[in-house]
Amino acid sequence: MASNSTATVDGSALAGRALAAAGVRHMFGVVGIPVTSLASRAAAAGVRFLAFRNEQSAGYAAAAYGFLTDSPGLLLTVSGPGCVHGLAGLSHATANAWPLLMVSGSCAQADAGRGDFQELDQIAATKPFAKLAVKATTIADIPSLVFQALAAAVSGRPGGCYLDIPSDVLHQTLPESEAAAVIAAAAADSAASDPSPPKQKNLDEGIEKAVDLLRRAERPLVVIGKGAAYARAEEAIRKLVDITGIPFLPTPMGKGVVPDAHPLSATAARSLAIRQCDVALVVGARLNWLLHFGEPPKWSKDVKFILVDVCEEEIELRKPHVGIVGDAKRVMELINREIKDNPFCLARSHPWVEAITKKAKDNVLKMEAQLVKDVVPFNFMTPLRIIRDAILAEGTPAPIVVSEGANTMDVGRAVLVQNEPRTRLDAGTWGTMGVGLGYCVAAAMAAPERLVVAVEGDSAFGFSAMEVETLVRYQLPVVVIVFNNNGVYGGDRRSPDEITGPYKYDPAPTSFVPAAGYHKMMEAFGGKGYLVETPDELKSALLESFRARKPSVINVIIDPYAGAESGRMQHKN
Ligand code: ADP
């Protein structure tokens, strides 16, 4: 047996130990040449490895994990094609401003450029989507690059980073004592280096101006983005809303930062709120397509924006009336403190508050009138109401809702209720489809106390449906509800002049096999499957699966003509 003095550590084990030493607790990925050992070594060092069936889903898992835990989600891929599949998660994380570190093995350095197995210039491939893309050229580089890339992923605007470890580096060895020393040195360097606290330019001046604007506003609004959810600013924002009586509007993943059930929620009066507000305090949300670029006709041309964002470039881009660069939680605490010295509050009878609450109430009543009907064959509303009620009946801690699809996500956003922060995960800034099952695994790891409920369009589900096997393998408390309307947007919507030519008898580009047995996919792996077509069947499937907290797929048959083409995005199609 080798004595301790001769024991060695290879690059795979060193990477696994460095990740563990840096605080990584979960890693998502697909193994194969040359990273299989890295996954096992990392697991042995305390980093749980969640093995997926496709890197794309693993990448979406890592991205969502970054959002839910405010620490980078780890994605492990093989070289070449595995790295290319991983780009989906890397780019999705960066697009959503979520921290992620993608680690890929790559071909041996000596064989690069000679057509090696799965050879790719992975630094060049990942660079456009990464805040930092670095390669370990020798084993001793690994720990410091792990720490550096993890820090870069969370600094400033969070995003994806990439670490390349060539196969020869994974196979190099170091004596045990040296391995421990390089990890300790990397940890010490990282602890000593400036953790680059978010820039806070002219903070006091910005806070004063912001509070002054809010105080003098006739129709103020607080807009809550997923950056505020990521920053864990919920307490501070809730306090601001409660103290000032200003109505608030969350973006889709900002939902729950202040409970949807709060009386000052402007969600159901969204159009009125953004068209008429004169001052909008936007916290951790970009004025991009999701917020109509902050421009008329959706917004008033005279609206004054106060933008709070950790990213200075974002503020320079949007040129708000007041821009505050800083962490959302910290900035909101300072705003509250500034208000405390000279408080103000809009009464519930204030004309603006009254206009919003009345409009919201009217719209809720209109929607409820639709929701109470039991429409069979199912439209989108009836099953969503039943799902909403089942989720609400779970109480606290609320389930994490994963939502994707066209109509399923659009209608679901209005119907499903978020009363706790970071309990909604959806297609996000890019409108990415196929994120759902990866998100489910991430949610189960990040919040093991919560049930995970995915409400998926059949098209969205199909992108990553094979990951139901992953749910079963790890026995995760995930209930996947598939809205099965036979295709993308549902039934064939082509106009007669589109159904001509030599392939006119082919299925429509939007069509799938009708009444597909998605629930049987789950049963094939030993999970529980349900096929439901009526309210009673759906209620009983939800009751049983929520209680069991075991992997389940509920295949809900929806009228193929119930939804709209492109959901609510027809204007972009
Ligand atoms: P949404 O989709 O909810 O509108 P976006 O993804 O467009 O949100 O915007 C999120 C914003 O939050 C990004 O501009 C990002 O820079 C910012 N952000 C990220 N972390 C923080 C933080 N800790 N404090 C403030 N802003 C943050």
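**Entry: the sheet**

I started with strand 2 (residues 26–29), which pairs with strand 3 in the parallel sense over four bridges. Strands here are DSSP runs of E with at least two residues, helices are runs of H or I with at least four, and both are numbered from the N terminus. I count two strands as paired if DSSP finds at least two bridges between them. This is a predicted model, in which local features need pLDDT of at least 70, side-chain atom pairs count only at pLDDT 80 or more, and totals for chains, interfaces and linings use all residues. Residues are numbered from 1 along each chain as its sequence is written, and side-chain values use heavy atoms, with hydrogens and water left out.

I looked up Phe28 next; its bridge partner in strand 3 is Leu50. I then traced the whole sheet. It is open, with six strands in the order 3-2-4-5-7-6 and parallel pairing. Strand 3 (48–51) and strand 6 (132–135) are the edges; each has a single partner strand, so one side of each has no neighbour in the sheet. On average, neighbouring strands are turned by 20° against each other, direction ignored.

**Entry: helices on the sheet**

I checked contacts, meaning heavy atoms within 4.5 Å. Helix 6 (residues 142–154) packs on the sheet and touches strand 4 (73–77), strand 5 (100–106), strand 6 and strand 7 (160–166). Its direction makes about 165° with that of strand 7. Axes are lines fitted to C-alpha atoms, for helices over the stretch in contact, and angles run from 0 to 180 degrees between N-to-C directions. Helix 18 (residues 436–446) lies across strand 2 and strand 3, at about 170° to strand 2.

**Entry: the ligand**

I listed the shell: 20 residues surround the ligand, each with a heavy atom within 4 Å of it. The closest are Lys226, Thr251, Arg286, Asp309 and Asp327. Helix 10 (residues 226–230) gives the largest share of the shell, three residues.

I then looked at polar contacts (pairs of N or O atoms within 3.5 Å). A side-chain N or O atom of Thr251 is 2.5 Å from a ligand oxygen. For Arg286, the distance from a side-chain N or O atom to a ligand oxygen is 2.7 Å. Asp327 places a polar side-chain atom 2.7 Å from a ligand nitrogen. The protein covers 97% of the 580 Å² of accessible area that the ligand has on its own (Shrake-Rupley method, 1.4 Å probe).

**Entry: Ile557**

I ended on Ile557, in strand 19 (residues 552–557). Leaving out residues up to four places away in sequence, Ile557 touches Phe378, Asn484, Ala515, Leu531, Val532 and Glu533.

Key
Polar contact = N/O pair within 3.5 Å; in protein donor to acceptor, adjacent residues only side chain to side chain.
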